[in-house]
Amino acid sequence: MTAALRARPATLPDAAAITHIYNQGIEDRIGTFETTPRTVDQIEAWFAHAPAFVAVEDGDGQVLGYAVAHPYSDRCCYQGIGEFSVYIRREARGRGVGRMAMAALIEHAKAAGLWKLMSRVFPENRASLALMAWSGFEEIGVHRKHGKLDGVWRDCVIVERVFPENLD
Ligand SMILES: CC(C)(COP(=O)(O)OP(=O)(O)OC[C@H]1O[C@@H](n2cnc3c(N)ncnc32)[C@H](O)[C@@H]1OP(=O)(O)O)[C@@H](O)C(=O)NCCC(=O)NCCS
């Protein structure tokens, strides 16, 4: 892991950087079914309900990536489940930024009393699956033909991590 990185909670002024990074991920067609670029307003709306962490360069503070946990469901029984995503600036991938953002999100989830984080990953997304394994997530199954991306049916690997300390 690069020493000159740190993670911190995202704040509203980070919304533009997060939007840029998410839109790179949308363009790359490897991490999401979404194909429409997001606006900064849409990302700002996350701050009402979704804890997010950014990994930044220690020197100039540039936001290199983020991890965010949205509520999995509005049903009461699922209130302790966060559905997360993690996106890293194209130029900064493969140098431990994803690990740093995920570690911060996981610490927050534990402290906030969530009992589970989960997500879905395309099986072709080797970098994401490696990051999930490193972050302690288990692959619990595959949704077959879960949606179409650019007209092609795609599978999704379901990953989750349970926090036993929050199961009481
Ligand atoms: C997937 C992603 C978040 C990983 O973040 P990252 O900062 O590049 O990854 P890190 O440098 O922290 O490395 C984490 C692990 O991924 C592995 N990895 C990184 N890039 C890889 C690549 N291109 N191919 C295979 N493995 C890769 C690393 O070796 C490491 O695995 P290890 O712990 O077994 O050594 C990032 O590449 C990204 O933003 N991709 C586009 C958006 C996306 O797919 N988001 C996930 C949606 S589910």
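**Pocket lining and aromatic pairs**

N125 is buried in the predicted model, with a relative accessible area of 11%, which is under the 20% limit for that class. The residue is placed in the loop between β5 and α4. Leaving aside residues up to four places away in sequence, N125 touches I30 and G31.

G31 also belongs to the lining of the largest pocket, where G31, S85, V86, Y87 and S128 lie nearest the centre among 37 lining residues. Two or more residues each come from α1 (15–28), β4 (81–88), α3 (97–111), β5 (116–121) and α4 (126–134). The space in this pocket amounts to about 1,000 Å³. By class, the lining holds 18 nonpolar, 12 polar and seven charged residues.

Seven aromatic pairs are found in the whole structure. One of them, F33 with F122, is edge-to-face, at 5.0 Å centre to centre and 85 degrees between the planes. This pair links distant parts of the chain, 89 residues apart: F33 is in the loop between α1 and α2 (40–46), and F122 in the loop between β5 and α4. F33 is partly exposed at 28% relative accessibility, whereas F122 is buried at 3%. R154 lies over the face of F122, 4.2 Å from the ring centre.

A stacked pair is formed by Y66 and Y87, with 5.9 Å between centres and 20 degrees between planes. Because Y66 lies in strand β3 (residues 63–71) and Y87 in strand β4, the pair ties together parts 21 residues apart in sequence. Both residues are buried, Y66 at 0% relative accessibility and Y87 at 10%. Together with Y22 and W46, Y66 and Y87 form one aromatic cluster.

Terms used. Residues are numbered from 1 along each chain as its sequence is written. This is a predicted model: local features need pLDDT of at least 70, side-chain atom pairs count only at pLDDT 80 or more; totals for chains, interfaces and linings use all residues. Side-chain values use heavy atoms; hydrogens and water are left out. On a 1 Å grid over the protein atoms alone, a cavity is a set of points where a 1.4 Å probe fits but cannot get out, and a pocket is an open set with protein on both sides within 12 Å along at least five of seven lines; lining residues have an atom within 4 Å of a point. Grid points are joined across faces, edges and corners, and a volume is the space filled by probe spheres set on the points. Helices (H or I, at least four residues) and strands (E, at least two) are DSSP runs, numbered from the N terminus. Ala, Val, Leu, Ile, Met, Phe, Trp, Tyr, Cys and Pro count as nonpolar, Asp, Glu, Lys and Arg as charged, and the others, Gly among them, as polar. Buried means under 20% relative accessible area, exposed over 50%, partly exposed in between (1.4 Å probe, protein chains only). Contact means heavy atoms within 4.5 Å. Rings of Phe, Tyr and Trp (its six-membered ring) pair if their centres lie within 6.5 Å; planes under 30 degrees apart count as stacked, over 60 as edge-to-face and the rest as tilted. A charge sits over a ring if NZ of Lys or CZ of Arg is within 6 Å of the ring centre and within 35 degrees of the ring normal.
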